[in-house]
Each structure stands twice: as structure tokens, then as C-alpha cells.
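Me: I am new to this structure. Please show me how to read it, one feature at a time.

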Amino acid sequence: MIAAIAIAISLAGAAEVLPPNLARIHRVQASEMDRYLAGVRDRIWMVVPYPPEERENGTEGIVHVAFTIHKDGSISGLRILRSSGNRNLDAAALAGIKAAKFRGPPGLDGLNVDIPLRFRGERIGDRRMAN
């Protein structure tokens, strides 16, 4: 069974996992799925670069991407659902997700992920909020 989830990622602030709660739907323990989704979120947050020239210019935007994480951790179907309007931000989102290493979703054959990645303010590799 392949399930679907939406995760909100902000490259300049806290990221949060949005509903639905797959743990109840697919009988996976809530804490296990919550940990898994937090790991996916954190991995993406760590590997998606904020292009330096766009950061310096104050370019902001949201790139909505989607992909499937398979039980072996591989991904497929990576695509932009909605562009930020800036090709450098869009390319950074795709390159970062391609570079990420995921583990397979617990109790599922795969997980369809829909993620809006927000680029704003300073890139926070050290997780500080931008002013």
C-alpha cells in the first residue's frame, strides 16, 4: 500500500508536518510515523540549499514538489507541482531532494509526499530564524 502525506517545510523557520495523520489510517504506531515524517522533513531541510545569489537579492518563494519514497528509501516521480516563479529556487528544491537519503516508510510499500518548500530570509543551516 502506498499512502500520501503533505509536509510543510520552511527554509527559514520551523517546519511542520501537516495532516492527515497516517498513523491512524494505516495502523502504524503514531510515534513511529511521527518520527519518520520528522526525519523526512529534517533531511529535506538540511539538504535543500538556498541559492546564494537569491538569498543575497532577497528573493523569496514557495516551490511545491511531490515525489514517492519507496520501501527501500529510493525516490521516484520527483516533480514541481507549482513553481516559485524563480528557476533557481525551483532547481535548488529539486537538487536538494535528489541528494537526500531517505529510509523507507514504516509499514508501507511507499509514501507519496507533497511538500511546499518556502525560501525566505536567510538560509538557516544552523536553524536560526531570519528576522
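**Reading the model**

Reply: Start with Thr68, which lies in strand E3 (residues 61–70). Helices (H or I, at least four residues) and strands (E, at least two) are DSSP runs, numbered from the N terminus. This is a predicted model: local features need pLDDT of at least 70, side-chain atom pairs count only at pLDDT 80 or more, and totals for chains, interfaces and linings use all residues. Residues are numbered from 1 along each chain as its sequence is written, and side-chain values use heavy atoms, leaving out hydrogens and water.

Me: Is Thr68 buried or exposed?

Reply: Buried means under 20% relative accessible area, exposed over 50%, partly exposed in between (1.4 Å probe, protein chains only). Thr68 counts as buried because its relative accessibility is 12%.

Me: Which residues does Thr68 touch?

Reply: Contact means heavy atoms within 4.5 Å. Leaving aside residues up to four places away in sequence, Thr68 touches Ser74, Ile75, Ser76, Leu111 and Asn112.

Me: Which residues touch the most other members of the largest nonpolar core?

Reply: A nonpolar core is a set of buried Ala, Val, Leu, Ile, Met, Phe, Trp, Tyr and Cys residues joined through side-chain atoms within 4.5 Å. Here the largest has 23 residues, and Ile44, Phe67, Leu117 and Phe119 touch the most other members. Helix H2 (30–47), E3, helix H4 (87–99) and strand E5 (110–119) each supply at least two of its residues.

Me: Where is confidence lowest?

Reply: pLDDT is the predictor's confidence in each residue, from 0 to 100. Its mean is lowest in strand E2 (residues 16–17), at 36, and highest in strand E4 (residues 75–82), at 95.
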